[in-house]
Amino acid sequence: MGAEIDMEAFDVIGLTPLLRMTRGEPEITIGLIDGPVLLDHPNLEGQGIREIAGTASAACAHRDSAACSHGTFVTGMLAAQRGSAAPAICPGCTFLLRPIFSEVQPRGGVTPSTTPEVLAAAIVDCVQAGARILNLSVNLTGSPGRGAHHLDDALQFATSRGVIPVVAAANQIPDSTSTFTRHAWALPVMACDHAGQPLQGSNFSAQVGRRGISAPGKEITSLGTNGKPLTISGTSVATAFVTGALALLWSKLPRVKAADLRFAIANPTRQRRMGLVPPMLNAWSTYQALTGRRW
């Protein structure tokens with residue numbers, strides 16, 4: 001079920017029991033807003049991966065680009081075949097690919113990024129195409145003020161449709177904030193090690209601390225684009241763990257409302273939080289809390 005380090009990550013976030021119970025259901029559709037994907041990768045063939053009609057091609061044009069590498073890695077974490085080097089958290093779900101990263105930057109360069117305007121358009125496309133969860137392992141560039149209202153409108157649109165945006169807190173400087181992580185409906189994710197300690201460079205803020213969640217983001221292995229597995233660290237990795245946990249939970253508990261699912265996974269202790277560092281994801285405790293209620 002993946003590399004040994006990934007099994008350890010599964011255990012520390014309570015994901016192992018859910019992985020044994022379900023591969024995810026096709027009715028749970030995840031919008032992957034990221035880079036293009038190496039669609040002919042042998043561990044992605046035959047999976048429920050779809051392109052959104054009318055948008056840029058989801059297939060990599062340059063497998064040596066940072067955008068292709070990032071998109072393939074994140075997609076592998078969620079959609080790869082079980083038994084591959086990737087975590088392959090919920091391969092039974094349906095995946096909508098909506099690339100937003102340029103392939104100009106070669107592998108080994110800076111982490112791919114996009115503007116608020118481009119991201120906002122991608123969110124709307126995925127929601128209109130039927131996504132129920134959005135995986136946003138994204139860094140933003142450009143003027144936050146200039147595109148903030150576009151992004152806020154897109155997140156409001158997701159809110160109105162009951163779509164859960166899972167957003168990376170990013171890897172820049174501590175105590176940063178943005179429309180992305182401030183929005184009340186978005187679920188911000190901070191990266192930590194397996195002991196729950198924040199990774200160096202992972203953003204944290206009062207908003208993330210109060211409303212977000214931590215997940216493993218240190219040295220996680222998934223699909224690479226050069227014929228070998230790839231191991232990276234950061235909030236992009238952590239975000240995919242949270243997205244996958246939500247997908248498995250919703251697969252097992254399809255009658256749970258989006259607001260209840262989002263609240264349950266982000267508030268494992270049900271206590272008011274005042275610090276900058278959010279609690280660690282605990283998927284199994286969330287499942288137990290949700291099954292303890294009548295839906």
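**Ground rules**

I'm working with a predicted model, so local features need pLDDT of at least 70 and side-chain atom pairs count only at pLDDT 80 or more, while totals for chains, interfaces and linings use all residues. Residues are numbered from 1 along each chain as its sequence is written, and side-chain values use heavy atoms, with hydrogens and water left out.

**Entry 1: the chain as a whole**

I started with the secondary structure and got 10 helices and 11 strands. Helices (H or I, at least four residues) and strands (E, at least two) are DSSP runs, numbered from the N terminus.

Next I looked up burial: of the 295 residues in the chain, 54% are buried. Buried is under 20% relative accessible area, exposed is over 50%, and partly exposed is in between (1.4 Å probe, protein chains only).

Then contacts, meaning heavy atoms within 4.5 Å. Taking those with a separation of 6 or more, 78% join residues 24 or more positions apart.

**Entry 2: the sheet**

I traced an open sheet of 7 strands, in the order S2-S3-S1-S5-S7-S8-S9, with parallel pairing. Two strands pair if DSSP finds at least two bridges between them. S2 (49-51) and S9 (213-216) are the edge strands, and each has a single partner, so one side of each lacks a neighbour in the sheet. From one strand to the next, the twist averages 30°.

Helix H8 (residues 235-252) packs on this sheet and touches S1, S5, S7 (164-168), S8 (187-192) and S9. The direction of H8 makes about 125° with that of S8. For angles, axes are lines fitted to C-alpha atoms (for helices, over the stretch in contact), and values run from 0 to 180 degrees between N-to-C directions.

**Entry 3: two strands up close**

I picked S1 (residues 29-34) and its pairing with S5 (residues 133-136), which is parallel over 3 bridges. Leu32 sits opposite Asn135 in S5. S1 is also joined to S3 by 6 bridges, again running parallel, and there Ile33 stands opposite Arg98.

I checked burial in S1: 6 of the 6 residues are buried, so the strand is largely enclosed by the rest of the structure. Thr29, Gly31 and Ile33 point one way, while Ile30, Leu32 and Asp34 point the other.

S8 came next. 6 of the 6 residues of S8 are buried, so S8 is largely enclosed by the rest of the structure. Leu187, Val189 and Ala191 cover one side, and Pro188, Met190 and Cys192 are on the other.

S8 pairs with S7 in the parallel sense over 3 bridges, with Pro188 as the bridge partner of Val167. S8 and S9 run parallel and are joined by 4 bridges; here Met190 has Ser214 as its bridge partner.

**Entry 4: helices against H8**

Two packed helices are described by the angle between their axes and the distance between the axes.

For H3 (66-79) and H8, I noted axes that come within 9 Å and cross at roughly 30°. That makes H3 roughly parallel to H8 (under 35 degrees is roughly parallel, over 145 roughly antiparallel, 65 to 115 roughly perpendicular, the rest oblique). The crossing is right-handed, meaning the near helix is turned clockwise from the far one by less than a right angle, with anticlockwise being left-handed. Residues meeting across H3 and H8 include Phe73 and Met77 in H3, and Ala240 and Phe241 in H8.

H8 and H10 (residues 283-291) have axes that come within 10 Å and cross at roughly 30°, so this pair is roughly parallel as well. The crossing of H8 and H10 is right-handed too. Ala245, Leu249 and Lys252 in H8 meet Ala283, Thr286 and Tyr287 in H10.

**Entry 5: positive phi**

Most residues other than glycine have a negative phi, and I wrote down two exceptions here. Ala88 has a phi of about 50° and is found in the loop between H3 and S3 (94-99). Ala88 is buried, at 1% relative accessibility.

Glu219 has a positive phi near 50° and lies in the loop between S9 and S10 (220-222). Glu219 is partly exposed, at 43% relative accessible area.
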